[in-house]
Amino acid sequence: LGLVCLVLVGLRRKTSEIVEEEGGRNKRNYENLKMGLIIWGIPYRWMSHVWGKLTNIDLKFDLIKKSMYNIWTSLYDCNLDEMKYPLESYKSLADFFLRPLKDGARQIDSRSPDTIVSPCDAVVLHTGSTKLSSIKNLSAVAVEQVKGVSYSLEEFLGEEPDGLQIATPLQQNDKMLEYIVLYLAPGDYHHFHSPADWEITQRRHFPGALIPVRPWAVERIPGLYCRNERVVLNGKWKHGYFGFVAVGALNVGSIKILFDEQVQTNQDSSLPYSSTVVKCFERNYPFNLSMVRGQPVGSFRLGSTIVLLFESPRNFQFAVKAGDTVKVGQTILRNLSLPIHASLSAPVNGQWPGEAANAEILENLDNLAL
């Protein structure tokens, strides 16, 4: 009983961070306590660790495999028509999560170097932009995860992300900082790809919580993406800074980056309520990692969230809006000054663009580390 009381008192103290101010008094009520329990009271990291162990168990019999995968498909509307291999070829549920697409299932928009395409199959949760001229320092910037719910850009990316220069008067005159939030559902294709032709110069890995990132949580928990474990890839494209962020979630403790084996997510989670000591693992790459549109970047073990943040001229515009469903390779941002040529979209057959380059990048990084 004493332990329960201590937990409740701790949750009550924690919830004061997210309660609303009303008439100069803190409004503490049932909803606040419930949100405190959701954020701090449930051992998400440990649950995700256990889930990972269970989903990696090899299923020995085809009948069991098919039954398990069909149940999952019915629960989360997986599109098995796009699956490259038959159900029985996937040895575990985790293997099924990472099922590749069959040839021709996706097309990569190749209209111009200015086009940005979706890095994943997802639902658009939010798009937004802010003028660089209005940004004095990164700590003052708050961007929206959904309409009306924001998070700190500096807390999300860390201090001084490589490639993002705020105090440059000339670039502030005609540049915007654009951002888009993409939610991958559990039934979606779980791999993510390069959305543009760009160069990665820095990787940051922020260990953290694994709170669910389903829309109901995103709409209610301020700074959710800053609380959760995430991998940030910083770099540059034709028009300036480009940032690619893979955000973990409940049962999505495993974020894999194909060209960086040092990224090990959801560590120190073998016990309930265990926490990480290191706040950020940073790696500045010894050479720029060149990515092309559609190139495989990594994968989640289950659905989660991708956030893109990038500089662009003012004549660029999102081609999608909140609530839209997008597929890998579909245009999400276009240059309004250029004509649209839909016929230039190219189906993916065999390998994805740049797929062979990942092994070469990994080998070169390993050789330099020796």
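Of the 37 residues in the largest nonpolar core, the ones touching the most other members are Phe192, Trp198, Leu233, Phe259 and Ile306. A nonpolar core here is a set of buried Ala, Val, Leu, Ile, Met, Phe, Trp, Tyr and Cys residues joined through side-chain atoms within 4.5 Å. Buried means under 20% relative accessible area, exposed over 50%, and partly exposed in between, using a 1.4 Å probe and protein chains only. Keep in mind that this is a predicted model: local features need pLDDT of at least 70, side-chain atom pairs count only at pLDDT 80 or more, and totals for chains, interfaces and linings use all residues. Residues are numbered from 1 along each chain as its sequence is written, and side-chain values use heavy atoms, with hydrogens and water left out.

- Leaving out neighbours within four places in sequence, Phe259 is in contact (heavy atoms within 4.5 Å) with Ile200, Leu233, Tyr285, Leu289, Met291, Val297, Asn358, Ile361, Leu362 and Leu365.
- Another core of 35 residues lies apart from the largest one, and its members include Phe156, Leu164, Tyr179 and Leu309.
- As a general point, nonpolar side chains in soluble globular proteins tend to be buried together.

- Strands are DSSP runs (E, at least two residues), numbered from the N terminus.
- Strand 12 (residues 240-247) has seven of its eight residues buried, so the rest of the structure largely encloses it.
- Two strands count as paired if DSSP finds at least two bridges between them.
- Strand 11 (residues 230-237) runs antiparallel to strand 12, with eight bridges joining them, and a hairpin links the two through two residues.
- Within that pair, Val231 has Ala246 of strand 12 as its bridge partner.
- Strand 12 also runs antiparallel to strand 16 (residues 305-313), joined by six bridges; here Val245 stands opposite Val307.

- An open sheet of three strands has the order 9-15-13, with antiparallel pairing.
- Its edge strands are strand 9 and strand 13 (255-257), each pairing on one side only.
- Three bridges join strand 13 to strand 15 (residues 296-300), and Ile255 stands opposite Phe300 in strand 15.

**Ala196, a buried loop residue**
- Ala196 sits in the loop between strand 9 (191-193) and strand 10 (198-206).
- Ala196 counts as buried because its relative accessibility is 0%.
- Not counting residues up to four places away in sequence, Ala196 touches Ile116, Trp237, Phe242, Met291, Val292 and Arg293.
- Ala196 and Arg293 are 97 residues apart in sequence, but 4.4 Å apart in space, C-alpha to C-alpha.

How values were computed
Helices (H or I, at least four residues) and strands (E, at least two) are DSSP runs, numbered from the N terminus.
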